[in-house]
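Here is a briefing on a two-part model, arranged by topic. Look over the sequence and the structure, then read on.

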Amino acid sequence: MKYTKEMRLHWTKWVWLALMAIGCTGLDKPLPILGPREVDGADTLYHTIAPFRFVDQDSAVVTNADFTGKIYVADFFFTSCRTICPIMKTQMLRVYEATTEMPDVLLLSHTIDPEWDTVALLHDYAERLGVESRRWHFVTGQKDSIYKIAQTSYFATAMEDRSEPDGFIHSGAFLLIDRRGRIRGKYDGTKEEEVNRLIGDLKRLRRE
Amino acid sequence: MSKRWIGLVVVLWVTACSPIDPKLKQYLVEGERLYVLHCSNCHQRDGQGLRRVYPPLAGSDYLKENLPRVICSMKYGLQGEIIVNGIMYNQAMPGVPSLTELELAEIATYLYNSWGTQTGLIDARRIGPLLDSCARPRPRR
């Protein structure tokens with residue numbers, strides 16, 4: 001049989017259609033819901049971030065209510081940290097810049113060294129980074145509540161360890177939280193590619 | 001042979017024969033490694049710093065004018081306000097007390113011969129007297 005130009009066109013048309021179908025399903029596939037879940041009859045109860053109450057760089061009280069109906073990215077750091085935090089903050093700034101036009105997206109950075117990182121110090125830090133407190137909250141609070149919420153709600157490591165050069169161990173994770181307080185992604189906040197993935201996932205989550 | 005080829009040969013000949021001090025080269029390689037390890041998290045890989053939190057090292061007037069203080073702060077840390085290129089910074093910098101005189105010289109040589117500046121070798125033998133000149137932090141009680 002002779003292979004004609006028409007046949008080739010016919011083929012490529014189908015290949016394109018197939019590629020488009022795969023591409024679209026890939027885009028529409030929802031992000032996973034992370035953490036343990038309970039099945040209660042016909043309902044599935046997903047893990048959500050526990051209620052919290054912290055104070056931000058403007059001395060404003062920040063609670064879950066401020067994040068209801070919002071998508072947010074959370075992390076744990078401290079201002080005097082010289083290991084991974086500066087890299088995390090460089091990367092979080094990228095997320096901040098990428099979400100300038102997204103009023104429904106907020107950032108929440110918890111200090112794990114509340115004794116040193118006072119409200120005044122966090123205020124100065126945020127101002128020096130040149131970021132708005134309306135979109136990026138730097139919060140402090142009771143040390144125990146911060147460590148507890150890190151470990152039991154966000155599944156991120158945060159604790160004091162005098163044997164470490166800076167006195168703390170903590171993960172460099174960025175957590176993506178949806179409008180209902182559920183964890184939808186965990187990323188290494190010290191790696192540019194991971195943060196690119198986070199920014200992509202954020203956009204997908206907004207379309208949900 | 002075309003003019004372009006003659007030009008290339010001349011360039012190669014000049015660069016191959018220019019006296020690149022092997023000691024300087026060694027300091028730069030080791031200095032860069034130590035810089036990436038101890039300094040680049042905050043001051044960034046390209047020496048640009050981070051907004052008004054961490055000051056730049058590239059094109060920094062502070063660096064240019066304060067070699068003794070730069071050496072001292074790498075080993076003993078630096079606290080309080082400093083002005084770099086007209087901007088006030090106030091982020092405490094922890095020192096790295098384990099750095100030897102040779103390592104301090106290597107990092108300094110890297111800082112003072114990167115990002116558009118070429119000051120030449122800062123010899124390890126210069127570091128001892130510089131360290132003696134700076135006030136060491138009082139031990140915490």
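The accessible surface of chain A is about 11100 Å², and carbon and sulfur atoms supply 58% of it. Accessible areas follow the Shrake-Rupley method with a 1.4 Å probe; for residues, only the protein chains shown count as cover. For chain B the accessible surface is about 8900 Å², with 58% belonging to carbon and sulfur atoms.

This is a predicted model: local features need pLDDT of at least 70, side-chain atom pairs count only at pLDDT 80 or more, and totals for chains, interfaces and linings use all residues. Residues are numbered from 1 along each chain as its sequence is written, chains are lettered from A and ligands numbered from 1 in the order in which they are written, and side-chain values use heavy atoms, leaving out hydrogens and water.

**Chain A**

- Chain A holds five helices and 11 strands. Helices (H or I, at least four residues) and strands (E, at least two) are DSSP runs, numbered from the N terminus.
- Of its 208 residues, 44% count as buried. Buried means under 20% relative accessible area, exposed over 50%, and partly exposed in between (1.4 Å probe, protein chains only).
- Among contacts in chain A with a separation of 6 or more, 69% are between residues 24 or more positions apart. Contact means heavy atoms within 4.5 Å.
- A:C85 sits in helix α2 (residues 85-98) of chain A. A:C85 is buried, at 2% relative accessible area.
- Leaving aside neighbours within four places in sequence, A:C85 contacts A:F77, A:F78 and A:H170.
- A:C85 and A:S171 are 86 residues apart along the chain, yet 9.6 Å separates their C-alpha atoms.

**Chain B overall**

- Chain B has seven helices and two strands. Along the sequence they run α-α-α-α-α-β-β-α-α.
- Of the 141 residues of chain B, 40% are buried.
- Contacts between residues at least 6 apart in sequence include 56% that join residues at least 24 apart.

**Helix α5 of chain B**

- Seven of the 10 residues of α5(B) are buried, so this helix is largely enclosed by the rest of the structure.
- The buried residues are B:L67, B:V70, B:I71, B:C72, B:S73, B:M74 and B:K75. They pack against α4, α6 and α7 of chain B.
- B:S73 belongs to this helix, α5 (residues 67-76). The relative accessible area of B:S73 is 7%, which makes it buried.
- Not counting residues up to four places away in sequence, B:S73 touches B:L78, B:M93 and B:G95.
- B:S73 and B:V96 are 23 residues apart in sequence and 8.6 Å apart, C-alpha to C-alpha.
- Just after α5(B), B:G77 has a positive phi of about 90 degrees.

**Helices α2 and α6 of chain B**

- The axes of α2 (residues 22-38) and α6 (residues 101-111) of chain B come within 7 Å and cross at roughly 95 degrees. Axes are lines fitted to C-alpha atoms, for helices over the stretch in contact, and angles run from 0 to 180 degrees between N-to-C directions.
- α2(B) and α6(B) are therefore roughly perpendicular to each other. Angles under 35 degrees count as roughly parallel, over 145 as roughly antiparallel, 65 to 115 as roughly perpendicular and the rest as oblique.
- On the α2(B) side, the contact residues include B:L24, B:Y27 and B:L28; on the α6(B) side, they include B:L102, B:E103 and B:A105.

**Positive phi in loops of chain B**

- Most residues other than glycine have a negative phi.
- B:Q44 has a positive phi near 75 degrees. B:Q44 lies in the loop between α3 (40-43) and α4 (61-65) of chain B, and is buried at 14% relative accessible area.
- B:W115 has a positive phi of about 55 degrees. B:W115 lies in the loop between α6 and α7 (127-133) of chain B, and is partly exposed at 27%.

**Interface between the chains**

- The contact takes 14 residues from chain B and 17 residues from chain A.
- The area buried between chain B and chain A is about 1400 Å², with 47% from carbon and sulfur atoms. Buried area is the accessible area (1.4 Å probe) that two parts lose on being put together, summed over both.
- In chain B, B:N41, B:R51 and B:R52 lose the most area to chain A, together 40% of what that side buries.
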